[in-house]
Amino acid sequence: MSTEKIPYKIYLEESEMPKAWYNLRADMKNKPAPLLNPATHEPMKAEELAGVFCEELIKQELDDTTPYFDIPEDIRNFYKMYRPSPLVRAYCLEEKLQTPAKIYYKFEGNNTSGSHKLNSAIAQAYYAKKQGLKGVTTETGAGQWGTALSMACSYFGLDCKVYMVKVSYEQKPFRREVMRTYGASVTPSPSTETQVGRKILEEHPGTTGSLGCAISEAVEKATTTEGYRYVLGSVLNQVLLHQSVIGLETKTALDKYGIKPDIIIGCAGGGSNLGGLIAPFMGEKLRGEADYRIIAVEPASCPSFTRGKYAYDFCDTGMVCPLAKMYTLGSGFIPAPNHAGGLRYHGMSSTLSQLYADGLMEATSVPQTAVFEAAEQFARVEGILPAPESAHAIKVAIDEAMRCKETGEEKTIVFGLTGTGYFDMVAYEKFHDGKMEDYIPTDEELQASFDKLPKMD
């Protein structure tokens with residue numbers, strides 16, 4: 001390691017930015033299970049997906065063998081507005097904890113969307129524009145993805161229709177208004193705009209919604225509106241591919257100073273940030289070049305990795321999307337309305353699910369009051385108010401640092417700070433007023449959802 005003191009923030013030069021996305025699946029011995037046609041249970045073909053997704057994105061989605069995809073120049077030029085993002089040494093947090101651990105975080109909140117989601121949003125909007133489409137539809141939970149996509153669509157002159165989980169639509173009006181500022185239409189989901197929305201409302205009156213509900217509505221809108229396609233902010237292989245810029249930059253910055261992490265931690269909802277952060281490190285692990293302890297952190301109120309079933313399931317509540325093999329709580333699972341953060345998806349990326357099933361990474365779940373305690377502790381010493389999603393990773397990073405304090409080990413910890421929490425003040429208010437609760441679904445509730453999983457031959 002260099003004898004030079006590691007700076008607080010490690011910035012890369014523009015010339016050091018990735019010129020290609022890394023496809024982790026190319027190095028996986030056990031490939032992720034394919035998407036299946038729900039009617040035939042046969043692997044989905046490109047032509048079957050063409051009515052839902054953009055053509056180039058379908059190619060990326062189905063390609064398990066190409067290790068790198070060139071990043072088009074237009075996308076790289078857009079990235080330069082906010083990338084490379086800084087890798088920050090958390091000296092103040094280390095001092096506060098009095099830990100021998102060295103803590104780094106990759107900060108992805110330095111853009112108007114306030115999160116990492118823009119990395120894939122701009123790519124998906126680019127390919128939609130290249131295909132000559134009029135617009136795209138999508139869903140959003142906490143609102144970060146919807147915000148990012150509205151920015152990307154505005155940049156390329158595309159229409160953007162967003163279905164926002166109803167509880168978030170009501171709790172996060174400022175996030176909604178940023179989307180509208182960038183020209184997007186925002187509808188609380190489930191809504192009466194779509195057939196599937198009306199059906200969900202009929203079956204679950206007064207429901208506060210879920211990402212699975214919103215996905216169903218967005219897909220229906222895209223497939224029934226000429227000149228539109230559906231885009232997704234997490235879960236899919238193509239999204240993890242685009243988000244690999246996070247991990248590639250992180251590794252380049254660490255390599256600059258001869259730093260090798262022992263533990264890599266990321267929050268996990270559908271898997272976009274986690275998959276992007278760990279991509280090049282997991283690639284080394286798969287190729288036998290290095291070893292890392294990789295930890296996925298999810299909310300105890302929506303624990304797909306730690307309490308879900310590894311099975312084929314619908315990607316959406318309305319059961320109109322393909323079947324994906326993933327760790328799932330069941331497509332009908334709706335997180336409790338007092339769940340304040342994002343990370344509300346009922347399943348997990350098929351790629352990450354396969355890696356977890358193969359024992360190549362760990363997972364843990366944490367209750368939300370502990371998450372907000374960690375968020376507040378971090379904000380007070382590091383000067384950034386973290387998004388509730390990011391604070392899941394912060395919580396476990398602090399736990400690991402304190403374990404180092406107990407054992408005297410000088411481990412290097414890297415975690416993803418996916419974004420800022422300035423649009424999440426209602427949640428912070430509930431926490432500060434003592435009105436935040438830790439709801440954890442019972443085994444009986446989960447089993448009722450598991451009982452509705454698709455019956456496979």
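Biologist: Before we start, when does a charge count as sitting over a ring?
Modeller: A charge sits over a ring if NZ of Lys or CZ of Arg is within 6 Å of the ring centre and within 35 degrees of the ring normal. This is a predicted model, and in it R176 lies over the face of Y169, at 4.5 Å from the ring centre.

Biologist: And which ring does K325 lie over?
Modeller: K325 lies over the face of Y310. The distance to the ring centre there is 4.7 Å.

Biologist: Rings with rings, then. How many aromatic pairs are there?
Modeller: The structure holds 19 aromatic pairs. One of them is F78 with Y82: the ring centres are 6.2 Å apart and the planes stand at 80 degrees, so the pair is edge-to-face.

Biologist: Are F78 and Y82 buried or exposed?
Modeller: F78 and Y82 are both buried.

Biologist: What about F305 and Y356, what kind of pair is that?
Modeller: F305 and Y356 form a tilted pair, with 4.6 Å from centre to centre and 50 degrees between the planes. F305 belongs to helix α14 (residues 304-307) and Y356 to helix α15 (residues 350-357), so this pair ties together parts that are 51 residues apart in sequence.

Biologist: Why is F305 called buried?
Modeller: Its relative accessible area is 2%, and buried means under 20%.

Biologist: Which residues do ring pairs link into a cluster?
Modeller: The cluster consists of F78, Y79, Y82, Y126, Y127, Y155 and F156.

Biologist: Switching to the backbone. Which peptide bonds are cis?
Modeller: The bond from R83 to P84 is cis, with omega near 0 degrees. The bond from S189 to P190 is also cis, with omega near 5 degrees. Most peptide bonds are trans.

Biologist: Where do P84 and P190 lie?
Modeller: P84 is in the loop between α3 (73-79) and β4 (87-89). P190 is in the loop between β8 (185-189) and α9 (195-203).

Biologist: And what is phi for H41 and Q98?
Modeller: H41 has a positive phi of about 60 degrees although it is not a glycine. Phi of Q98 is positive too, near 55 degrees. Most residues other than glycine have a negative phi.

Biologist: Where are H41 and Q98 found?
Modeller: H41 is in the loop between β2 (20-22) and α1 (46-49). Q98 is in the loop between α4 (91-97) and β5 (102-107). H41 has a relative accessibility of 22%, so it counts as partly exposed. Q98, at 48%, also counts as partly exposed.

Biologist: Last topic. What is the volume of the largest pocket?
Modeller: The volume is about 530 Å³. The pocket is lined by 23 residues, and the closest to its centre are H204, S331, G332, F333 and K452.

Biologist: Which helix gives the most to that lining?
Modeller: Helix α9 does, with 4 residues. Both α9 and α19 (443-450) supply at least two residues of the lining.

Biologist: How does the lining divide by type?
Modeller: The residues of the lining divide into 11 nonpolar, 7 polar and 5 charged.

Terms used: Residues numbered from 1 in each chain as written. Predicted model: local features only at pLDDT ≥ 70, side-chain atom pairs only at ≥ 80, totals over all residues. Heavy atoms only, no water. Phe/Tyr/Trp six-rings, centres within 6.5 Å; stacked < 30°, edge-to-face > 60°. Buried < 20%, exposed > 50% of the residue type's maximum accessible area, 1.4 Å probe, protein only. 1 Å grid on protein atoms, 1.4 Å probe; cavity = no way out; pocket = protein on both sides within 12 Å on 5 of 7 lines; lining within 4 Å. Points joined across faces, edges and corners; volume = space filled by probe spheres on them. Nonpolar A, V, L, I, M, F, W, Y, C, P; charged D, E, K, R; others polar.
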